[in-house]
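Thanks for making the time this morning. I would like to walk you through one model, taking the chains in turn and then looking more closely at a few places.

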Amino acid sequence: MAQITLANLAHSYLPNPSGEADFALKEMNHVWTDGEAYALLGSSGCGKTTLLNIISGLLRPSQGRVFFGDTDVTDMTTADRNIAQVFQFPVVYDTMTVRENLAFPLKNRGAPKDYVQQRVAEICRMIDMEDQLDRKARGLTADAKQKISLGRGMVREDVNAILFDEPLTVIDPHMKWELRTQLKELHQRFGHTMIYVTHDQTEALTFADKVVVMSEGRVVQIGTPEELFETPEHTFVGYFIGSPGMNVLDATVEGGSARVGAHEVPLAGRYDGLTGHVQIGIRPEFAHLSESEGLPVTIKRVEDVGRHKIVRADHEGTEINIIAAEGAEIGADQRRVVFDPDRVNVYADAWRVPPTSMGRAA
Amino acid sequence: MDKRVNQKAWLLVLPVLVLVAFSAVIPLMTVVNYSVQDSFGNNQFFWVGLEWFKETLASERIRDALGRQFMFTLIILAIEVPLGILVALNMPKKGFWASVCLVLMALPLLIPWNVVGTIWQIFGRVDIGLLGYTLDALGFDYNYTQDALDAWITIIVMDVWHWTSLVALLAYAGLQSIPEAYYQAAKIDQASRWKVFRFIELPKMSGVLTIAILLRFMDSFKIYTEPFVVTGGGPGNSTTLLSIDLVKMALGQFDLGPAAAFSIIYFLIILLVSWVFFTVMTNLDKEEGPK
Amino acid sequence: MTNVDARADSGTSTGTRTRTAARSGFRINSKAVVMTLYLAFLLIPIYWLVNMSLKTNNEILSTFSLWPRNLTFQNYMTIFTDPSWYWGYINSIIYVTMNTVISIVVALPAAYAFSRYTFLGDKHLFFWLLTNRMAPPAVFALPFFQLYSSVGLFDTHIAVALAHTLFNVPLAVWILEGFMRGVPKEIDETAYIDGYSFGRFFVKIFMPLVASGIGVTAFFCFMFSWVELLLSRTLTSVDAKPIAATMTRTVSASGLDWGVLAAAGVLTIIPGALVIYFVRNYIAKGFALGRV
């Protein structure tokens, strides 16, 4: 098990990339802590699979280095890196039994027989396939096959990391939940470093200790689910995470307050000398309808999604979503919206700007 | 796939039925008709029952031809299937060179069979052929028109030359359909090249390989033109395979009755072996569970 | 956590990059060696035929050389100027084309029926059709000869074309059925709902969808009809005599004119080579279905 370091890493699928647009993965520097569960989250084509393949060694980056612990693994083969990977579609060896499938990675590395037997038995119990141990893998369902793939990924105890490439795509919804819970348990029990690629935010947020949000070949934020929710570092993270996503409004920010059009929005901190395209972002959860103060809005419609209501409103052509409690009355004279000042984030050119000092100015 | 029951579908199949009835059923009836009658010429026929069948089954000449036929088929299967797989594994997966390989490999398949025979007839000659000349120059006593073993080697090499590409192209198509993730998983599992072949490539190719073997069995069992052009069945009868013998008997000696009985037995053997082979292969598949 | 790592300045090393390139280069080479050997095995006999076709008979028999010393096109001229030679090619192309058209036209509706409907005896019928693909031509040579003689079709192109349907129609049904199965049934149903008659639907909508299948089928029908000799020789004598038969008869009649024989052989390879070149992208598809 090891800490993973990405140093000056970038990748282009073209032989001679000229501009930044040619890079599928833009230059990045990150250190991923040993033993944590990471989720790589992003829409398709954002470079998350490219990054995963670079870490697993299936792809050699066009620049930069990859370290596992202190070892430079950039030029090592996948086998030498000692990692495990579970793919999007179940990859099982059809002609082998479930038992042989699970034992395969250990046997290839010359593990002693009784150790193999003991590990296979253990893994089999975890993935709950004890009664099918001696069946050929060919006849099994997709769920079962993917469980074998998961088991094969887990069977070696000494792996540096386990990588998952959208492993639950082909699994039934109710099995998805079960397998995800199992994975999380396994992570807690064995403490492997896990990297889990997905485009599903629920999957990412429930599975991972840290979520790595990617967009257009760039890592836009790495953080705990709470951090992503409360302080999205980039407006993309704000949009992408949460349902509905963060409200983003063009604004001018001076000192401790922001102006949206002619209206003032109070902020919790002071911001000085902002340049570029300035916006404020506020989660729908922290916006409230009001009768007297705040931005004037027109309410378009109200959606009842069970646990709460989503109010779709409009402020001078910009959509603002508001989450109201299930029991809340939406009155006809509630024509304004207020934001919790300490939940408002300020963005310059789409990146979050931390306040220069906290506490409201006089 | 759920298909609807519709008896009107027979109307769609009708043209094929009429055509095949004309080109297969009527001739087969003729054959059956001849096989139970004897003729003294002048279109006079009389009933002999199963006499010709008994004679055919007892005939040493036909038994020998059958033995040679099985030997030929087994040898070429034993060479062409592994060689075809080997070639398929080494073909480029995509790009310009893949196209070049495809086109060049398909070339022998489209050469008329007698020209295939002609090519090897010339190629193997000691006086004017590159192969024969070279072997002779190297001190081998090679002459396919006089030595039975040399004749056998020549027609086998010719068949390998002619048909290995078919096996290779089928196997190649099977290999192309294996998703990249399997190879990646094998790398991670540290599987050796042999294990990748044994546990990934071979199982994924089993479908097309079944077909390849079946086709090669059927076609090599029917082979006539190529060895006939090269050796004419000789020296002696050493390369007289079933079809060569049958044509000799039917068109050469015009022994209609025995030739017809022979034809029927010949056809039945092909059907039987194909059927057994096909059933065994599909059952092996089923034992391992439905796909 | 997103902090910059100090080791970044070690940068990329060109040394390791060349090493991987060299390693992958070596792997490609071992494959290339196998392929080169195999292709050489395939091409050298063909080269030898071409080589001989460009020599005079005198040179062929008197000296042994790897390439023609006195390059001559005389052998080809012989073929192009002698009607009994060049008509052989025309005859072959006529019956091969007829056979391909007939096979596809009758196989299309049948393949559609097999791919879409269940009907009485469908499985038996399908299997029985396939058994014709297994039939040895030698078994049929004599009965065909008698059959076509008795209906007055002996020595006509259509006789050979019909005889070759024996193995090409089952093949065409088999390949087309595979392709048609891949077309979703909903397309048929939508078309009928939109008021298409069966015929119009089949020609206007369905056939374009299985166009590549028709291409692959045509390729294989062409191929098996083009390469066959026994039946085409048995069913013809003068008027529809195929090139393949012309070749065999010339050998026995005029002694051994190796040069002309080789030239004729080379010319029979050309149509096949052209066809392969044009359908090269479809061949793999046909083979992928495993239906040859």
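This is a predicted model: local features need pLDDT of at least 70, side-chain atom pairs count only at pLDDT 80 or more; totals for chains, interfaces and linings use all residues.

Let me begin with chain A, which contains 9 helices and 23 strands. Its C-alpha atoms fill a box of roughly 75 × 50 × 35 Å when the box is taken along the principal axes, and of its 362 residues, 44% count as buried. If we consider the contacts in chain A with a separation of 6 or more, residues 24 or more positions apart account for 66% of them.

Chain B, for its part, has 12 helices and 3 strands, and its C-alpha trace spans about 75 × 70 × 30 Å along the principal axes. Here 43% of the 291 residues count as buried, and among the contacts between residues at least 6 apart in sequence, 70% join residues at least 24 apart.

Now back to chain A, and to one sheet in particular. In what order do the strands of this open sheet run? The order is 2-1-4-5, with 4 strands in antiparallel pairing. Strand 2, residues 25-32, and strand 5, residues 71-72, stand at the edges of that sheet in chain A, and because each has a single partner strand, one side of each is left without a neighbour in the sheet. Helix 1 of chain A, which covers residues 48-56, packs on the sheet and touches strand 1, strand 2 and strand 4; the direction of this helix makes about 125 degrees with that of strand 1.

Looking at one pairing within the sheet, strand 1, residues 4-11, and strand 4, residues 63-68, both of chain A, run antiparallel to one another and are joined over 5 bridges.

Finally, chain C, which is divided into domain 1, residues 14-53, and domain 2, residues 77-288. How many residues of domain 1 are in contact with domain 2 in chain C? There are 5 on the domain 1 side, and they are in contact with 7 residues of domain 2. Sorted by class, the side of domain 1 that touches domain 2 in chain C has 4 nonpolar residues, 1 polar residue and no charged ones.

Definitions and conventions
Residues are numbered from 1 along each chain as its sequence is written. Chains are lettered from A and ligands numbered from 1 in the order in which they are written. Two strands pair if DSSP finds at least two bridges between them. Helices (H or I, at least four residues) and strands (E, at least two) are DSSP runs, numbered from the N terminus. Two residues are in contact if their C-beta atoms, placed from the backbone, lie within 7 Å. Axes are lines fitted to C-alpha atoms, for helices over the stretch in contact, and angles run from 0 to 180 degrees between N-to-C directions. Domain bounds come from an automatic or database domain assignment. Ala, Val, Leu, Ile, Met, Phe, Trp, Tyr, Cys and Pro count as nonpolar, Asp, Glu, Lys and Arg as charged, and the others, Gly among them, as polar. A residue is buried if 20 or more other C-beta atoms lie within 10 Å of its own, exposed if 12 or fewer, and partly exposed in between; C-beta atoms are placed from the backbone.
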